[in-house]
Amino acid sequence: MKLSNDNKNITTKRLKALLFVWVVAACAIPNVWLSLTERMSIMQSITNIVLPVGIYLLLMSLSRKIGKVSLWMITLFFFAAFQIVLLYMYGRSVIAVDMFLNVVTTNPGEVGELLGNLMVIIIAVIAIYIPPIALGVIATIRRWHLSHNTISRTRRASLWIIGAGLICFGLSFSGARTYKPLCDLYPVNAIYNLYLAVERTVKVANYHKTSASFKYEATSEHPDSVPEIYVVMVGETSRADNWQINGYDRPTTPRLVDRKGLTSFSRAISQSNTTHKSVPMLLSPLDASNFGDSIYNVKSLITAFKEAGYATTFVSAHSRNHSFIDFFGEEADTCIFIKEQGLNKEHYYDTDLLPYLDEAIANGKTKQLIVLHCYGSHFNYIDRYPETEAVFRPDRPAMATHHYRDKQINAYDNTILFTSNMIADVIDRLDRQGKMAGLIYTSDHGEDIFDDDRHLFLHASPIPSYYQIHVPMLVWLSDSYISQYPAKQEFLNRNKEKYAASSRTFFHSIMDMAGISTPWKKTQWSVLDSGYTPGPAIYLNDHNEAVELKDCGILDYDFKEFDALGIRLQ
């Protein structure tokens, strides 16, 4: 009996030691990983490991009840697990503010599509963090305690380690690279970003109050009696490099290549790689330079058109997610989210927007604005087009791994073809009206598809890549429009080779196209104006700060691609 009890005590002692070490190591994994991936000096990297590990040890020694203190660490487990998944996806950077916001603004269907392709890392995270939680529960139930000597030694060791970490922390400020603890020290940076995400969420919730008094003071410069119809199309996750009209070697835009009145801006760059920021910039007069707190106070171009006497329609293929996009859409006279229309379809496609476009056109209003918010090329690509429309094959299985890149590209190119055909269908509809008409299209951002040895995939990473922000941008004018305003087509042709920040030019270009006057319009940012000036290449970073694109963290791969595009950032 004594031998059995001794064995039991030894096993318990080993399990307590295992639990202690496992909890500290599990919390420290992101610190080690980030120290290897981020552009930090050696001293800053050491600080990012030593100081947090010392604090993890101190937290674990706050009580002899090891089960209790290990369960206290669940919050840190959450951050660590989230961080590991993001590092697996993007290869670098701490959990961004936008990542936390994506959790609450991405609809469940999109989440399911993504998680289904991340099973490897999800299983790994479960294997790392569930066992210590389970063991912590057991330790709590069985009332395991650490000895006084163990607690005392651990506290002394943790204080020594924290002291060394603080010395490294102080020395980190003396390097050539600026050290910012709120950006560089994990998990302080992750917790700070969560705070910012909560702060922004509260501001979004109050948007209707803060923007209630906003007015464009917009008027129309065109005669009231002249019928006009303009369509604004906002795509999703479409990258310009896969558009035939921009030089791609596959026929992804066959119906647009020689389309009369259509102009493609092949050097268009989005100032954000996230939907919840890029779309509001497209639909408002704001760009990266003034987005910040201003977004909570302005309304969209829909309101400007309404003030100028236009009947307005907003139709979306997306689900509502209580974001600015929803609020902007609700400004329209008619606001439709097609998934709320009771169609009971297994798959919705962007072409499902066309009947609502037809209905709006059939209303016969003299002045019309129609905004179409498309799903475009959002992952999972094979769900964005009917299988019967798959031209590039094989397009499945489209697994999220670089080993299946050829199939992913086929599926992605099918989405571009599907989108371009839809644009052609919209232009055909407008053309048949014989009215003054125009269309402007761009995508919110692009996409990584395992394009180089970084093996990057998807978008919305804390630091963008070239493929995530190089987007298509198209402008089409009807024959009737060109006959009335021939100079607009001339200016489009003159400006089409210039760099264009879609986030800046989109609003001002559609206002210029429709002849709407407002103090918010800047004609020098309209691609239809003789004085169009591209402006500096800037980017809206995770903290909603405008930074020069060259300084936002992009790597040599990206600089080379921008150089090849004719945009020299350095």
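This is a predicted model: local features need pLDDT of at least 70, side-chain atom pairs count only at pLDDT 80 or more; totals for chains, interfaces and linings use all residues.
As for where it sits, aspartate 287 is found in the loop that runs between α12 (275-283) and α13 (301-307). Its side chain makes a polar contact of 2.6 Å with the side chain of serine 289. Leaving aside residues up to four places away in sequence, aspartate 287 also touches Gln271, Met281, Ser503, Arg504 and Trp525.

Next comes a bit of sheet. Three strands make up an open sheet in the order β11-β4-β13, and the pairing is mixed. β11 (470-471) and β13 (500-501) are the edge strands; each has a single partner strand, so one side of each goes without a neighbour in the sheet. Strands of a sheet pair through backbone hydrogen bonds, and the pairing can be parallel or antiparallel. Here, strand β4 (residues 268-269) and β13 run parallel, joined by two bridges. Alanine 268 stands opposite alanine 500 in β13.

Then there are the aromatics. The model has 33 aromatic pairs. One of these brings together phenylalanine 82 and phenylalanine 100, whose rings lie 5.6 Å centre to centre with 90 degrees between the planes, an edge-to-face arrangement. This pair ties together distant parts of the chain: phenylalanine 82 belongs to helix α4 (residues 74-90) and phenylalanine 100 to helix α5 (residues 97-105), with the two residues 18 residues apart. Both phenylalanine 82 and phenylalanine 100 are buried.

Tyrosine 207 and phenylalanine 327 pair up as well, with ring centres 5.3 Å apart; their planes are at 5 degrees, so this pair counts as stacked, the limit for that label being under 30 degrees. Again the pair links distant parts of the chain, from tyrosine 207 in helix α11 (residues 207-210) to phenylalanine 327 in helix α14 (residues 324-329), 120 residues apart. Tyrosine 207 is buried at a relative accessible area of 2%, and phenylalanine 327, at 12% relative accessibility, counts as buried too. The two rings belong to one aromatic cluster, made up of Tyr207, Tyr296, Phe324, Phe327 and Phe328.

Finally, a couple of arginines lie over tyrosine rings. Arginine 239 lies over the face of tyrosine 412, at 5.8 Å from the ring centre. Arginine 384 does likewise with tyrosine 375, at 4.5 Å from the ring centre.

Methods:
Residues are numbered from 1 along each chain as its sequence is written. Side-chain values use heavy atoms; hydrogens and water are left out. Rings of Phe, Tyr and Trp (its six-membered ring) pair if their centres lie within 6.5 Å; planes under 30 degrees apart count as stacked, over 60 as edge-to-face and the rest as tilted. Helices (H or I, at least four residues) and strands (E, at least two) are DSSP runs, numbered from the N terminus. Buried means under 20% relative accessible area, exposed over 50%, partly exposed in between (1.4 Å probe, protein chains only). A charge sits over a ring if NZ of Lys or CZ of Arg is within 6 Å of the ring centre and within 35 degrees of the ring normal. Two strands pair if DSSP finds at least two bridges between them. A polar contact is a pair of N or O atoms within 3.5 Å; within protein, one must be able to donate a hydrogen and the other to accept it, and residues adjacent in sequence count only if both atoms are side-chain atoms. Contact means heavy atoms within 4.5 Å.
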